[in-house]
Amino acid sequence: MDNITLSVVIPAYNEASRIGCTLESIAQYFNSKDISHEIIVVDDGSDDGTPDIVRAQRVSLPNLCVLENERNRGKGYSVNRGMLAARGKYRLFMDADNSVDISQVDDFIKEIDGKYDVAIGSIRLKKSEVSENSGWHRRVLGYGAKIIIGILAVPGIKDTQRGFKLFSDSAAKAIFPLQTIERFGFDIEILVIAWVNGFKIKELPVVWDNPAGSKVTLKSYFQTLRELIKITWNRAARKYTLISNTAQQKISS
């Protein structure tokens with residue numbers, strides 16, 4: 001399909017119990033819109049039949065495809081693979097649990113059509129609505145991590161970790177080839193890459209309904225902090241190659 005307007009990338013690992021409902025919600029959204037689109041689910045080595053459930057949804061989503069990792073590589077790797085395969089003018093990645101419903105993307109597209117290159121969902125803004133059904137450790141550690149990330153990585157961004165981020169095609173083409181983190185710290189890294197290369201980032205409030213069964217564990221937070229140290233080092237060592245305005249124009253052409 002040529003001239004795709006919106007690409008939706010969904011990383012999935014053992015999401016058999018939730019991915020079907022998420023894809024049904026996406027189908028309802030696109031049925032109500034006249035938007036050329038594609039949906040790319042990247043299965044990260046699931047052993048619960050997730051890819052088969054996704055393929056069964058092609059009846060209602062004919063523009064749906066599944067990319068399968070040979071083994072579990074991590075959410076960051078899966079998002080990266082999907083975003084580099086995407087062809088849309090706008091490229092969204094969202095979580096398989098539908099914690100932020102795709103219907104909220106309309107406001108994000110307006111920002112990309114304005115003066116921004118990247119629009120990210122946030123639960124740290126006044127107009128955000130939050131329903132948290134996971135453990136207390138996520139709230140406590142999430143708040144602490146936000147402070148550390150703001151100091152070391154992306155100044156001015158209140159929430160780097162929501163799985164709902166929209167990129168212009170030119171920003172996606174520039175940012176994702178430079179990504180190195182394969183697991184949960186990738187959100188921070190891609191925003192750092194965008195920031196150091198001069199892409200404009202807009203943080204938007206979202207309605208966030210986080211169901212139980214999250215793959216984010218206590219161990220995940222400590223791993224992300226280790227990855228944050230790597231990201232900080234990479235930025236200091238200028239490993240996230242600065243892209244000139246001329247280079248950006250070439251990417252977008």
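Q: Why is Glu182 called partly exposed?
A: Glu182 has a relative accessible area of 30%, and residues count as buried under 20%, as exposed over 50% and as partly exposed in between (1.4 Å probe, protein chains only), so Glu182, at 30%, falls into the middle class. This is a predicted model, in which local features need pLDDT of at least 70, side-chain atom pairs count only at pLDDT 80 or more, and totals for chains, interfaces and linings use all residues. Side-chain values use heavy atoms, leaving out hydrogens and water, while residues are numbered from 1 along each chain as its sequence is written.

Q: What makes the contact of Glu182 with Arg73 a salt bridge?
A: The closest N and O atoms of Glu182 and Arg73 are 2.8 Å apart, and the term requires a side-chain nitrogen of Lys or Arg within 4 Å of a carboxyl oxygen of Asp or Glu, so the pair qualifies. It links distant parts of the chain, with Glu182 in the loop between helix H6 (169-175) and H7 and Arg73 in the loop between E3 and H3, 109 residues apart. Helices (H or I, at least four residues) and strands (E, at least two) are DSSP runs numbered from the N terminus.

Q: How do you know whether Glu15 is buried or exposed?
A: The relative accessibility of Glu15 is 7%, so Glu15 counts as buried. Its salt-bridge partner is Arg18, with the closest N and O atoms 2.9 Å apart, and Arg18 is also buried, at 13%.

Q: Which parts of the chain does the pair of Asp187 and Lys165 link?
A: The side chains of Asp187 and Lys165 meet in a salt bridge at 2.7 Å, N to O. Asp187 lies in helix H7 and Lys165 in strand E7, 22 residues apart, and both residues are buried. Elsewhere, salt bridges that share partners join Asp52, Arg55 and Glu68 into one network, and a search of the whole structure finds nine salt bridges.

Q: Why are E3 and E8 said to stand at the edges?
A: Seven strands form an open sheet of mixed pairing, in the order E3-E2-E1-E4-E7-E5-E8, where two strands pair if DSSP finds at least two bridges between them. Strand E3 (64-68) and strand E8 (201-205) each have a single partner strand, so one side of each is left without a neighbour in the sheet. Neighbouring strands of this sheet are turned by 20 degrees against each other on average, direction ignored.

Q: How many bridges join strand E5 to E8?
A: Five bridges join E5 (residues 118-122) to E8, and the two strands run parallel; in one of these places, Ala119 has Lys202 in E8 as its bridge partner.

Q: What makes a set of residues in this model a nonpolar core, and which members touch the most others?
A: Such a core is a set of buried Ala, Val, Leu, Ile, Met, Phe, Trp, Tyr and Cys residues joined through side-chain atoms within 4.5 Å. The largest one has 33 residues, of which Val8, Ile10, Leu23, Ile26, Ile39 and Val105 touch the most other members. E1, H1, E2, E3, E4, H4 and E7 each supply at least two residues of this core, and H1 gives the most, with six. A second, separate core of 30 residues includes Ala172, Ala174, Ile175 and Tyr240.

Q: Which residues does Val105 touch?
A: Not counting residues up to four places away in sequence, Val105 touches Leu6, Tyr29, Leu92, Phe164 and Leu166, where contact means heavy atoms within 4.5 Å.

Notes: Axes are lines fitted to C-alpha atoms, for helices over the stretch in contact, and angles run from 0 to 180 degrees between N-to-C directions.
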